[in-house]
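Subject: The structure I promised you

Hi,

Here is the structure I said I would send over. Have a look at it first, and then read on for my notes.

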Amino acid sequence: MSFPSVNPTTTAAWKALEVHAKTAKDVHLRDLLSKEADRFERMHVRVEDLLLFDYAKHRVSEETLNLLEQLFHECGAVQALQAQMGGEAINQTEGRAVLHSVLRDPSTESFEVQGEDVRALARGERERMFAFADAIRDGRKKSFTGKKFTHIVNIGIGGSDLGPRMAVEALKPFSDRSLQMHFVANVDGSDLHECLMKVDPERTLFIVASKTFTTQETMANAEAARTWLIQKLGTTACTQKQFVALSTNSEKVKAFGISEKNTFGFWDWVGGRYSVWSAIGMPVCISIGSIQFQQFLDGAHAMDRHTAEQPFRQNIPQIMAALGIWYRNFMSAASHAVLPYDQYLHRFAAYLQQADMESNGKYVDRNGERVTYATGPVVWGEPGTNGQHAFYQLIHQGTELIPADFIASVLPEHPLHAHHAKLLSNFLAQTEALAIGRPKAATAYKVFEGNRPTSTLLFDRMNPFALGALIALYEHKIFFQGVIWNVYSYDQWGVELGKEMANAILPELEGDGELGAHDPSTTALLKHVRSFL
Ligand code: F6P
């Protein structure tokens, strides 16, 4: 293992941060911002032609930032990134390398990991995906009855749904509007049922997206969709032209009956929640075309370079990760809000919930010990301005400290410019109000304490390149936090128990035999359900 397993609480920086936090708690953003004329100058990062990141509205001083930088150093954060990008099997509990950065790396130089040139593998599948997606778009690839596809249905869940769904929504202004994109994830039959009512069987392409090709929800939906299509078109042969698989499990895909030609692979070194850059990005690629999908990859690659090359104070993912640690571990913030002032990003928080919480929601460290400190926070959010009329009350005047990321673009991707000025005025007003507050008012109810910290991520515009950079930025932030918390960010054992127990309950629910051993509450609920069947 080429980066050390460090209990962060044993570092000198952590101990110093604990002491420092006692005085920092009394410092108000109002004072920091009014007294330090050069604060913005010191606490922002401009990446030309992409974004402006402002971290001046955080409850930190130069000392705080220096200590956080020292913490990164003592925990080997930069070494860890090198180990990841160098192809080491840093996902030790699954014995896997973590190489989603290779999927967006344009280099053609050979990069051997465990005896294989991973760049060549990635390039080969990418080229196949590009050719396929473009042929669907321009009508060269037709349906079973010879029609142009107009409906694309992605069947997948978790990482095989959230990333592509979010990106397709985010990049709608860049999409081919004649193609209607649908996403079916839930094993609740209403999800597939509602979708099938909307699509034309003669013009629908089904994409079955599953890394393992064993996930209960996805397989149930894929099988039901196949039955539906065969019934509508009257022959099993239609599936050859209208079903596509995105998976690492070619055996299972074959057994399902999807041709090799229509199967697009990836590898165990691509984690599900980091897979939108791989074949799992197929719906995005069909929606925006290969040229723009390449820009999406290029944006992510630019952020990989930024992350690997910039010093701490200019390194956006490192600063965001460090600030998150500061609030979580030294100021007891239990949640983190992500607030895009961009309706096209309305699925961004949902996507980030998996990326972040499935990665860092862990209480066992890399030595197999229970941690004695807090790890991943609850991540949540909704687009502004909608959120302002819902939960902002609690952020402004509630008893919880909720650090928030505010995300917007200077230029809109729609023609309603007057709307955009209103949107941005709210965007700017909120971070100012949260930081400064309103110390005096006629009644206590109208007082705003302020001192609520926020980051501002202001993109020039939200295009495929920028979205790629935005996602990669959060991926790296999550990675650095996992390193500091000393957890294995790339496994997800915590989702297994529920899956196993559901598999045990299903036959009990469907049958009428003896129930297995359950707690009394579950037994009573099971009996109640069975009484209806
Ligand atoms: O929920 C657990 C999980 O394994 C996720 O990590 C993954 O993204 C999702 O299930 C879907 O898995 P698959 O792509 O194998 O169907």
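Predicted model: local features only at pLDDT ≥ 70, side-chain atom pairs only at ≥ 80, totals over all residues.

If you start from the S1 end, S1 and S2 run antiparallel and are joined by four bridges. Within that pair, Val47 sits opposite Leu51 of S2. Strand S2 (residues 51–54) is also antiparallel to S13, again through four bridges, and here Leu52 faces Leu458 in S13. On the other pairing, strand S12 (residues 404–411) runs parallel to S13, with seven bridges between them. Leu458 turns up here too, as the bridge partner of Ala408.

How many residues of strand S13 are buried? Seven of the eight in S13 (residues 454–461) are, so the strand is largely enclosed by the rest of the structure.

**The five-stranded sheet**

A second open sheet has five strands in the order S6-S5-S7-S8-S9, with parallel pairing. Strands S6 (180–184) and S9 (263–265) are at its edges; each has a single partner strand, so one side of each lacks a neighbour in the sheet. The twist from one strand to the next averages 20°.

Inside this sheet, S7 (residues 204–209) and S8 (residues 243–247) run parallel and are joined by four bridges, with Ile207 opposite Val244 of S8. Helix H8 (residues 189–198) packs on the sheet and touches S5, S6 and S7, its direction making about 160° with that of S6. Helix H6 (residues 118–137) lies across S5 (151–155), S7, S8 and S9, and runs at about 145° to S9.

**The nonpolar cores**

The largest nonpolar core has 121 residues, and the members that touch the most others are Trp326, Phe348, Leu457, Leu467 and Tyr474. Helix H18 (residues 464–485) gives this core its largest share, 14 residues. Apart from it lies another core of 22 residues, including Val153, Leu196, Ala245 and Ile258.

Beyond its neighbours within four places in sequence, Tyr474 contacts Met320, Val338, Phe348, Leu352, Asp405, Ile407 and Leu457.

In helix H5 (residues 77–85), the buried residues are Ala77, Ala80, Leu81, Ala83, Gln84 and Met85. Their cover includes helix H4 (62–74), helix H13 (290–309) and H18. After H5 comes Gly87, which has a positive phi, near 90°.

Thr307 belongs to helix H13. Thr307 has a relative accessible area of 2%, so it counts as buried, the cut-off being under 20%. A polar atom of the Thr307 side chain is 2.6 Å from the backbone oxygen of Met303. Not counting residues up to four places away in sequence, Thr307 touches Leu81, Asn315, Pro317, Gln318, His476 and Phe480.

Pro317 is in helix H14 (residues 316–330) and is buried, with a relative accessible area of 0%. Pro317 and Lys477 are 160 residues apart in sequence, yet their C-alpha atoms are 4.5 Å apart in space.

Cys238 is in no disulfide, and the nearest cysteine sulfur, that of Cys195, is 16 Å away. Cys238 is buried at a relative accessible area of 0%, and Cys75 is buried too, at 1%.

Best wishes

Terms used: Residues numbered from 1 in each chain as written. Heavy atoms only, no water. Buried < 20%, exposed > 50% of the residue type's maximum accessible area, 1.4 Å probe, protein only. Disulfide = S-S within 2.5 Å. Core = buried A, V, L, I, M, F, W, Y, C linked by side-chain atoms within 4.5 Å. Helix = DSSP H or I, 4+ residues; strand = E, 2+ residues; numbered from the N terminus. Contact = heavy atoms within 4.5 Å. Pairing = 2+ DSSP bridges. Axes fitted to C-alpha atoms, helices over the stretch in contact; angles between N-to-C directions. Polar contact = N/O pair within 3.5 Å; in protein donor to acceptor, adjacent residues only side chain to side chain.
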